[in-house]
Amino acid sequence: MSILMVTGIEGAHQCAAAISAQLGMDVELAEARRAALALLRKREFIAVVVDETLAECDPAAAEAIWERAGLAIPMQVNFALSGPQRIVREVRAALHRREREQALARRAAATAIETELKTTVAGLLLHSQLALAGSEIPAPLAERLRMVAELAGSLRQQLSTPAHA
């Protein structure tokens with residue numbers, strides 16, 4: 001994981017080194033739009049921190065960077081007013097927020113999959129039981145239907161246990 005810092009301020013290298021040390025991540029420095037876009041073409045970043053003065057003075061450059069940033073967290077910071085400690089706090093907060101959002105998304109996806117599985121299993125169980133209760137079914141087919149009903153019942157029980165809730 002690495003961070004792309006886009007700024008042309010004096011002392012940017014020292015700022016990038018301080019941020020890297022504090023967060024334990026590589027920090028790539030781009031002093032202008034072209035350099036930033038070239039780095040974004042080469043690799044993925046966890047966050048892209050753009051100097052507010054660049055974004056204000058050249059909105060098209062900032063927009064091009066945001067479009068190329070992919071899944072990186074976009075951040076706009078006034079490097080003239082923010083020291084490395086403040087930038088570290090903001091990046092750390094953004095990373096924690098992303099982790100929480102991803103955890104919520106994973107839980108929502110797991111819940112949706114579990115609900116879908118439970119619905120499918122209930123349908124499978126119901127249809128196999130109805131087929132068994134229906135008209136005369138040849139013995140080999142009836143045995144297979146009983147096996148399907150048993151498997152569906154077993155799966156339904158497993159999905160209902162607290163470990164899957």
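The expected span of a helix is 1.5 Å times one less than its number of residues. Helices here are DSSP runs of H or I with at least four residues, strands are runs of E with at least two, and both are numbered from the N terminus. This is a predicted model, in which local features need pLDDT of at least 70, side-chain atom pairs count only at pLDDT 80 or more, and totals for chains, interfaces and linings use all residues. Residues are numbered from 1 along each chain as its sequence is written, and side-chain values use heavy atoms, with hydrogens and water left out.

The protein holds 6 helices and 4 strands, and from the N terminus on they run β-α-β-α-β-α-α-β-α-α. Helix α5 takes up residues 84-133. Its 50 residues should span 74 Å at 1.5 Å a residue, and because the end C-alpha atoms sit 73 Å apart, the two values agree.

As for overall shape, the C-alpha atoms fill a box of roughly 85 × 30 × 25 Å along the principal axes. The radius of gyration, taken over C-alpha atoms, is 27 Å, while a compact globule of 165 residues would come in near 15 Å (the globule rule being 2.2 Å times the number of residues to the power 0.38).

Of the 165 residues, 33% are buried, that is, under 20% relative accessible area with a 1.4 Å probe, protein chains only. Back in α5, the buried residues are Ile87, Val88, Val91, Ala94, Leu95, Glu114, Val121, Leu125 and Ser128. Their cover includes β1 (2-6), α1 (12-23), β3 (47-51), β4 (73-77) and α6 (139-160).

Terms used
Buried < 20%, exposed > 50% of the residue type's maximum accessible area, 1.4 Å probe, protein only. Contact = heavy atoms within 4.5 Å.
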